Amino acid sequence: MVATSRTALAELDHADPLASCRDRFSLPEGVIYLDGNSLGALPRAAAARAGRVVGQEWGEGLIRSWNQADWINLPRRVGAKIAPLIGAGPDEVIIGDSTSINLYKLLASALRLKPDRPVILSEVDNFPTDLYVAEGLVRWLGPPFELRMVERGMLSGALDHRVALLMLTEIDYRTGERHDMKVLTSLAHERGTLVLWDLSHSAGVLPIDLGAAEADFAVGCGYKYLNGGPGAPAFLYVARRWQETIEPVIADWMGHARPFAFNAEYVPADGIARFLTGTPSVLALSVLDAALDVFDGVDMKQLCAKSMALTDIFIALCEQRCAGNDLVVASPREVAQRGSQVSFRHAQGYPIMQALIARGVIGDFRAPDLMRFGFSPLYVRYVDVFDAVEALVAILKSGEWREPRFAQIAAVT
Ligand SMILES: *Cc1c(COP(=O)(O)O)cnc(C)c1O
């Protein structure tokens, strides 16, 4: 039985070993933020760093800062900082571009490692951009290359000798359902298939071990649970064993062995650096770098345990307090099978979510009918879960979601 009274939840906050992490964030008054899975909150250190990098490093240091502030190594340094959060070595991760572009770079390069296999396998419910990128790549390459998409339960049967690469997202963005990374990776390897994991909805909130799973490649987002700010650069992981054989699809000077030799001949850099593309986005990388300090001293197992508790309590409270209101839980009930989010289906999910946001409880909506709530355990308190559910109860009871202003569909949902 999970605790569900406000007093019991306040006691959980009191005993929470991560409670002090909330002070590392700058959160607006009167807001309960349950959308850290879409855009993480602002770490105080990131705001301070943004001021410094613009005012001093750029304003005063000017071009000298490439060396003096070590701008040139930001993609590697920030990569090494993310590495322990995803079970990678410091030399296996690099930061830059968006998740979509990193996917393209890795898919194209990985296909070359399996020249007699023309198929990328994924699931139909993968995040749409991941599927678009793969589809666009195989269309560009032409036959026999193809993207094969199957239902989640059919993945094993679809892993035949034509599949070069299995591309999956660990946490389903709609329902929060979680794949077993280790089991699927080893199954794919048995069939001679490489594996790429998209960790966009898991990095920074779940303990991930790419090394133990023997994953080949991974990508993930910098602006969700990693709190790097809107459009933050993404990460790209290549297991050490592939780094010297893989050829980057975009050969450019930042990924060159000696960028400042200005030679006409392209020679890829050793290791992960060959995946750099163009001059790094220093402002964005600096902000992400500072944002990652919120993980200092945080035990990922504790973080994950809190995430599980928050989501369990949220489901229990919603079902208790909103019974008879057509809310249907869309996330797995078994905590080990879900990420740090809970989704409920409701035919009027869009206006209900807008009414919640108007009351300061911020989640989001995913078509066709999913109300999605993300729980970032570094700054979400147990009492926030209680208060968010009370707001939902009030909205359902009063019917205030029927106001016409809540039915207007915005460009970003
Ligand atoms: C958020 C997310 C993306 C975002 O990609 P961008 O290139 O940053 O727009 C991609 N894939 C998954 C699975 C995501 O969750």
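Guide: Let's start at the ligand and then walk out to a helix pair and a few loops. Keep in mind that this is a predicted model.

So, who sits around the ligand? There are 13 residues around it, and the ones that come nearest are Ser 100, Asp 130, His 201, Tyr 223 and Lys 224. Look at Ser 100 to begin with: an N or O atom in its side chain is 2.6 Å from an oxygen atom of the ligand. How much of the ligand gets covered up? On its own the ligand would expose 390 Å², and the protein buries 86% of that. Two elements give two or more residues each to the shell around the ligand: helix 5 (99-113) and helix 6 (128-141). Sorted by class, that shell has seven polar residues, three charged ones and three nonpolar ones.

Now for the helix pair. Two packed helices are described by the angle between their axes and by how far apart those axes are. Here, helix 1 (residues 6-15) packs with helix 13 (residues 382-398) at about 150 degrees, and their axes are 7 Å apart. Anything over 145 degrees counts as roughly antiparallel, so that's the label for helix 1 and helix 13. On the helix 1 side, the contact is made by Arg 6, Leu 9, Ala 10, Leu 12 and Asp 13, while helix 13 brings Tyr 382, Val 383, Phe 386 and Asp 387. Those contact residues split into six nonpolar and three charged, with no polar ones.

Last stop, the loops. Most peptide bonds are trans, and most residues other than glycine have a negative phi. Pro 143 and Pro 144, though, are joined by a cis peptide bond, with omega about 5 degrees. You'll find Pro 144 in the loop between helix 6 and strand 6 (146-150). Another cis bond joins Ala 367 and Pro 368, with omega about 5 degrees, and Pro 368 is in the loop between strand 14 (364-366) and strand 15 (370-374). Finally, check Leu 62, which isn't glycine but has a positive phi, near 50 degrees. Leu 62 lies in the loop between helix 2 (44-58) and helix 3 (65-68).

Key
Residues are numbered from 1 along each chain as its sequence is written. This is a predicted model: local features need pLDDT of at least 70, side-chain atom pairs count only at pLDDT 80 or more; totals for chains, interfaces and linings use all residues. Side-chain values use heavy atoms; hydrogens and water are left out. A residue is near a molecule or strand if one of its heavy atoms lies within 4 Å of it. A polar contact is a pair of N or O atoms within 3.5 Å; within protein, one must be able to donate a hydrogen and the other to accept it, and residues adjacent in sequence count only if both atoms are side-chain atoms. Accessible areas come from the Shrake-Rupley method with a 1.4 Å probe; for residues, only the protein chains shown count as cover. Helices (H or I, at least four residues) and strands (E, at least two) are DSSP runs, numbered from the N terminus. Ala, Val, Leu, Ile, Met, Phe, Trp, Tyr, Cys and Pro count as nonpolar, Asp, Glu, Lys and Arg as charged, and the others, Gly among them, as polar. Axes are lines fitted to C-alpha atoms, for helices over the stretch in contact, and angles run from 0 to 180 degrees between N-to-C directions. Angles under 35 degrees count as roughly parallel, over 145 as roughly antiparallel, 65 to 115 as roughly perpendicular and the rest as oblique. Contact means heavy atoms within 4.5 Å.
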